[in-house]
Amino acid sequence: QVQLVESGGGLVQPGGSLRLSCAASGRIFAIYTMAWYRQAPGKERDLVASITTGGSTNYADSVKGRFTISRDTAKNTVYLQMNSLKPEDAAVYYCKLRLRSTFGGTSDYWGQGTQVTVSS
């Protein structure tokens, strides 16, 4: 019905950059807040960044000034540009979209997760 496909994860050296993408497709009527979360082994899933339909953004303190979230409404896609990566940024990154489908009400949809590894 609704599919979210993430891409862009991988292995990067400390100080490097990655760009994550999350594209939604299917029976979508409207997409509201889009967000990125991350979960490291043995830890809870935490919010990294979010962006509203109006473009207002919110970031975790640990990534402010290094990560940038953006969205392309026409493509139903949210991005996370990650610069100056640190080993502590390593985690599985998940996108979460709050959207209204054409067949039901408003719900949160999660991507499948993409691994980000920061190591020299």
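I started at threonine 114, which touches Glu6, Gly8, Gly9, Leu20, Ala91, Val92 and Tyr93 once residues up to four places away in sequence are set aside. This is a predicted model, so I am reading everything here as computed from it.

Where does threonine 114 sit? I found threonine 114 in strand S11. Is it buried or exposed? I put threonine 114 down as buried, because its relative accessible area is 11%, and the cut-off for buried is under 20%.

**Core**

Next I looked up the largest nonpolar core. I noted 30 residues in it, and those with the most contacts inside it are Trp36, Val78, Leu80, Met82, Tyr93 and Leu97. Which elements give two or more residues to this core? I listed strand S1 (2-7), strand S3 (18-26), S4, S5, strand S7 (67-72), strand S8 (77-82), strand S9 (91-101) and strand S11 (114-118). S9 gives the most, with five residues. A general reminder to myself: in soluble globular proteins, nonpolar side chains tend to be buried together.

I then picked leucine 80 to see what surrounds it. Leaving out neighbours within four places in sequence, I found leucine 80 in contact with Leu18, Arg19, Leu20, Trp36, Val48, Ala49, Phe67, Thr68, Ile69 and Tyr93. Trp36 and Tyr93 from that list are also among the core residues with the most contacts. Looking back, I see that Leu20 and Tyr93 are touched by threonine 114 too.

**Pocket**

How big is the largest pocket, by volume? I have about 200 Å³ for the largest pocket. Its lining has 14 residues, and Arg38, Ala40, Lys43, Asp46 and Glu88 lie nearest the centre. I sorted the lining by kind and got seven nonpolar, two polar and five charged residues.

Which strands supply at least two residues of this lining? I found strand S4 (28-39) and strand S5 (46-51). S5 brings the largest share, three residues. Both S4 and S5 also turned up among the elements of the core.

**Aromatic rings**

I counted two aromatic pairs. One of them is tyrosine 94 with tryptophan 110, an edge-to-face pair at 6.4 Å centre to centre with 80° between the planes. This pair links distant parts of the chain, with tyrosine 94 in strand S9 and tryptophan 110 in strand S10 (residues 106-110), 16 residues apart.

I checked how covered the two partners are. Tyrosine 94 is buried, because its relative accessible area is 15%. Tryptophan 110 is partly exposed, because its value is 38%. I also noted that Tyr37, Tyr94 and Trp110 form one aromatic cluster.

**Positive phi**

Last, I looked at backbone angles. As a general rule, most residues other than glycine have a negative phi. Which value does asparagine 76 have for phi? I read a phi near 50° for asparagine 76, a positive value in a residue other than glycine. Asparagine 76 is placed in the loop between S7 and S8, and I count asparagine 76 as partly exposed because its relative accessibility is 24%.

Serine 84 also has a positive phi, near 50°. I found serine 84 in the loop between S8 and S9. With a relative accessible area of 41%, serine 84 is partly exposed.

Technical notes. Residues numbered from 1 in each chain as written. Predicted model: local features only at pLDDT ≥ 70, side-chain atom pairs only at ≥ 80, totals over all residues. Heavy atoms only, no water. 1 Å grid on protein atoms, 1.4 Å probe; cavity = no way out; pocket = protein on both sides within 12 Å on 5 of 7 lines; lining within 4 Å. Points joined across faces, edges and corners; volume = space filled by probe spheres on them. Helix = DSSP H or I, 4+ residues; strand = E, 2+ residues; numbered from the N terminus. Nonpolar A, V, L, I, M, F, W, Y, C, P; charged D, E, K, R; others polar. Core = buried A, V, L, I, M, F, W, Y, C linked by side-chain atoms within 4.5 Å. Buried < 20%, exposed > 50% of the residue type's maximum accessible area, 1.4 Å probe, protein only. Contact = heavy atoms within 4.5 Å. Phe/Tyr/Trp six-rings, centres within 6.5 Å; stacked < 30°, edge-to-face > 60°.
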